[in-house]
Amino acid sequence: MTSRPAPFDELDRKIVTALMANARTSFAEIGAAVGLSSTAVKRRVDRLRETGVITGFTATVRPSALGWRTEAYVEVYCEGAAPPRRLAEVVRNHPEIAAAMTVTGGADALLHVRARDVEHFEEVLERIRQEPFIRKTISVMVLSHLLPDSPEAGVSQPAPEGAADVR
C-alpha cells in the first residue's frame, strides 16, 4: 500500500504563515486566528514537520551582534563541470558561507558570505580561490538591506569559534 502525503490546505497555509511571522506564537493564538483549537493546530504542525513542510524553528539575529559586519555575494566560476556535490563539500569547509546555491547564467554557483570585516572577507575569498577547480570569482559587497526584516538581513547561527582569529 502506497502512503500519500496529506494535502496542504488553506488552514495549513495560514498556520505556516503565522509560524513564519513568529515561530514563538502559541498554538492557542494561531488557533484563535484560523478558527481551530490549539490541539488541532498542534496536530497539523506535527504533520507538517513529519512531512518536511516545516523543517525547523530558528531565531534570526542581527549579524553585527554576532561579529559579522561585512557581507558579500560571490559568483563562482569553475573549470569544466564541477558537480554540485563537490561544490557542496567545499562550501561546508568555510563557516563564513551563510548560503550557497548552483545558478543559471555564466557563474556555476553563488555564495552568500559573511565576515567580520573586509580583511577577513578577503581571507575567506582567498581560501575559496585555492580550490583547484575554481577558475575565478566575482564579488559584490552588500552596502545595506533594502528589506531589513527579510531572512537574508539576519542570521540564524553565530560566527564560528575562532572566526575572529582567522589570519
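## Overall architecture

From the N terminus on, the elements of the chain follow the order α-α-α-β-α-β-β-α-β, which amounts to five helices and four strands; helices (H or I, at least four residues) and strands (E, at least two) are DSSP runs, numbered from the N terminus. This is a predicted model, in which local features need pLDDT of at least 70 and side-chain atom pairs count only at pLDDT 80 or more, while totals for chains, interfaces and linings use all residues. Residues are numbered from 1 along each chain as its sequence is written, and side-chain values use heavy atoms, with hydrogens and water left out.

Of the 167 residues of the chain, 32% count as buried, where buried means under 20% relative accessible area, exposed over 50%, and partly exposed in between (1.4 Å probe, protein chains only). The chain exposes about 11000 Å², and carbon and sulfur atoms supply 53% of that area; accessible areas come from the Shrake-Rupley method with a 1.4 Å probe, and for residues only the protein chains shown count as cover. Among the contacts in the chain with a separation of 6 or more, 70% are between residues 24 or more positions apart, a contact being heavy atoms within 4.5 Å.

## Confidence of the model

The mean pLDDT of the chain is 87, and 89% of its residues reach 70 or more; pLDDT is the predictor's confidence in each residue, from 0 to 100. Over residues 163-167 the pLDDT stays under 50, and for this stretch the model has 13 contacts beyond four places in sequence.

## The sheet

Four strands form an open sheet in the order β2-β3-β1-β4, with antiparallel pairing. Strands β2 and β4 (134-141) stand at the edges, each with a single partner strand, so one side of each is left without a neighbour in the sheet. Neighbouring strands of this sheet are turned by 20° against each other on average, direction ignored; such angles run from 0 to 180 degrees between N-to-C directions, and the axes are lines fitted to C-alpha atoms, for helices over the stretch in contact. Two strands are taken to pair if DSSP finds at least two bridges between them.

Strand β3 (residues 109-115) is mostly covered, six of its seven residues being buried. On one side, strand β1 (residues 70-78) runs antiparallel to β3 and is joined to it by seven bridges, with Tyr 73 standing opposite His 112 in β3. Strand β2 (residues 97-102) also pairs with β3 in the antiparallel sense, over five bridges, and here Thr 102 stands opposite Ala 109. β2 and β3 form a hairpin with six residues between them, and Gly 105 in the turn has a positive phi of about 100°. Strand β1 pairs with β4 as well, in the antiparallel sense and over seven bridges; the bridge partner of Tyr 77 in β4 is Lys 136.

## Helices across the sheet

Helix α4 lies across β1, β2 and β3 and runs at about 170° to β2. Helix α5 (residues 118-129) lies across β1, β2, β3 and β4, running at about 160° to β4.

## Salt bridges

The structure holds 11 salt bridges, each defined as a side-chain nitrogen of Lys or Arg within 4 Å of a carboxyl oxygen of Asp or Glu. One of them joins Arg 114 to Glu 71, with the closest N and O atoms 3.4 Å apart. This pair links distant parts of the chain, since Arg 114 lies in strand β3 and Glu 71 in strand β1, 43 residues apart, and both Arg 114 and Glu 71 are buried.

Glu 96 forms a salt bridge with Arg 127, the closest N and O atoms being 2.9 Å apart. Glu 96 lies in the loop between α4 and β2 and Arg 127 in helix α5, so the pair ties together parts that are 31 residues apart in sequence. Glu 96 counts as buried at 2% relative accessibility, whereas Arg 127 is partly exposed, with a relative accessible area of 24%. Salt bridges that share partners also join Asp 9, Asp 12, Arg 44 and Arg 47 into one network.

Within helix α1 (residues 10-21), Arg 13 and Glu 10 lie three residues apart, about one turn of the helix, and their side chains meet in a salt bridge (4.0 Å, N to O). Arg 13 is partly exposed at 44% relative accessibility, and Glu 10 is partly exposed with a relative accessible area of 47%.
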